[in-house]
Amino acid sequence: MAIKTAKLPDGRAYRPSEEGMPMRSIAPSNAARWITAGVLLLALVYFLFPVYWVVVASTKTNQQLVSTNGVLFDEINISANYHALMSWTKGNFWRWVANSLIYSTVAGVVGTLISVMAGYAMAKFKFPGRGVAMGIIMSGLLLPIAILTIPMYVVFHQLGLTNTMWAIIIPSCVSPFGVFLGRVYAQTSVPIELIEAARIDGAGEARIFFTMVLRLLAPAMVTIFLFIFVATWNNFLLPLMMVSSDTLKPVTLGLYGMMSYFAPQKGAVMLGALLGVIPLIVLFLGLQKYWQSGLAAGSVKG
């Protein structure tokens with residue numbers, strides 16, 4: 001049976017659909033499905049195994065950690081580890097967790113607002129030096145935060161802000177990646193016609209931004225907030241340089257002090273690490289649908 005072909009206006013040949021002929025399935029083959037499932041399963045184990053190991057280690061004493069199987073549960077000693085954790089930290093552990101929540105939440109909210117404001121301005125306003133300003137902001141992605149920590153300490157020390165919450169919150173509010181993401185999303189998700197219509201109706205720029213643009217940028221704001229929140233929560237070098245008071249330490253710095261002690265209770269440290277990561281897990285699970293919807297919406301807007 002001869003295969004019928006046709007030609008497009010530009011001369012390219014193609015095979016037209018024939019009535020009564022079965023359509024070729026575009027579904028992946030069984031082999032592709034099994035390979036995909038296997039790769040995803042390996043990725044799942046790779047990412048979840050460290051969490052599982054922390055859960056197991058948090059139930060063991062120092063002796064159990066070296067004498068029993070590291071990936072299997074043994075005698076549960078969570079109560080003893082929790083008392084050791086509270087004893088070594090002098091009851092400050094939950095204060096450290098609260099400090100981390102304050103630092104991360106404030107930096108996340110303020111940094112997200114600054115990022116979307118800057119990104120929106122870069123995307124929708126024309127002004128001299130816009131390209132240079134964006135280049136300077138993007139260059140911030142090339143500099144590791146560790147390089148900037150000592151200069152920031154010198155500046156904050158001169159301002160008298162070291163050993164205060166502001167010494168951690170203010171630097172954490174700056175996110176070059178957040179500005180970049182806000183700019184990209186504003187370019188694709190905020191129609192210029194909507195802005196011009198609001199201007200014709202007499203709305204000011206501040207009113208347009210806070211009543212209209214922020215709603216359109218909500219999915220991007222969730223993503224930026226998560227990045228800033230996690231980065232601030234996991235930051236170690238900045239708090240180490242900026243604060244010395246036990247009442248101002250975040251949980252990362254507090255647990256480091258426990259590990260630097262001679263013969264630390266490693267099970268208690270693992271329990272502290274597990275309790276300290278729970279807020280991050282709850283945050284990601286709570287904001288997951290908004291984050292996913294933002295990624296999906298950004299993928300189809302042109």
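User: How many salt bridges does a search of the whole structure find?

Analyst: As a general idea, side chains of opposite charge can pair when their charged atoms come close. In this predicted model, a search of the whole structure finds two salt bridges. One joins the side chains of R199 and E205, with an N to O distance of 2.8 Å. The other is formed by K249 with D246, whose closest N and O atoms are 3.0 Å apart.

User: Are K249 and D246 buried or exposed, or do they fall in between?

Analyst: K249 has a relative accessible area of 18%, so it counts as buried, the limit being under 20%. D246, at 37% relative accessibility, counts as partly exposed. In the other pair, R199 is partly exposed at 33% relative accessibility, and E205 is likewise partly exposed, with a relative accessible area of 33%.

User: Next, the packing of helices. At what angle do the axes of helix α4 and helix α8 cross?

Analyst: Two packed helices are described by the angle between their axes and the distance between the axes. Helix α4 covers residues 93-124 and helix α8 covers residues 176-189; their axes cross at roughly 50° and come within 7 Å. That angle makes α4 oblique to α8. The crossing of α4 and α8 is right-handed.

User: How do the axes of α4 and helix α11 cross?

Analyst: The axes of α4 and α11 (residues 218-234) come within 8 Å, and they cross at roughly 140°. This makes α4 oblique to α11, because only angles over 145 degrees count as roughly antiparallel. The crossing of α4 and α11 is right-handed.

User: Where is F93 found, and is it buried or exposed?

Analyst: F93 is found in helix α4. With 0% relative accessibility, F93 counts as buried. The chain also brings a residue from elsewhere in the sequence towards this position: T247 is 154 residues apart from F93 along the chain, yet their C-alpha atoms are separated by 9.7 Å.

User: I turn to backbone angles. Which value of phi does K90 have?

Analyst: Most residues other than glycine have a negative phi, and most peptide bonds are trans. K90 is not a glycine, but its phi is positive, at about 55°. K90 lies in the loop between α3 and α4 and counts as exposed at 71% relative accessibility.

User: What is the phi of N163, and where is N163 placed?

Analyst: N163 is not a glycine either, and it has a positive phi of about 60°. Its place is in the loop between α6 (145-159) and α7 (166-172). At 32% relative accessibility, N163 counts as partly exposed.

User: Where does I76 sit, and how accessible is I76?

Analyst: I76 belongs to the loop between α2 (62-67) and α3 (78-88). With a relative accessible area of 49%, I76 is partly exposed, because exposed requires over 50%.

Terms used. Residues are numbered from 1 along each chain as its sequence is written. This is a predicted model: local features need pLDDT of at least 70, side-chain atom pairs count only at pLDDT 80 or more; totals for chains, interfaces and linings use all residues. Side-chain values use heavy atoms; hydrogens and water are left out. Helices (H or I, at least four residues) and strands (E, at least two) are DSSP runs, numbered from the N terminus. Buried means under 20% relative accessible area, exposed over 50%, partly exposed in between (1.4 Å probe, protein chains only). Axes are lines fitted to C-alpha atoms, for helices over the stretch in contact, and angles run from 0 to 180 degrees between N-to-C directions. Angles under 35 degrees count as roughly parallel, over 145 as roughly antiparallel, 65 to 115 as roughly perpendicular and the rest as oblique. A crossing is left-handed if the near helix is turned anticlockwise from the far one by less than a right angle, and right-handed if clockwise. A salt bridge is a side-chain nitrogen of Lys or Arg within 4 Å of a carboxyl oxygen of Asp or Glu.
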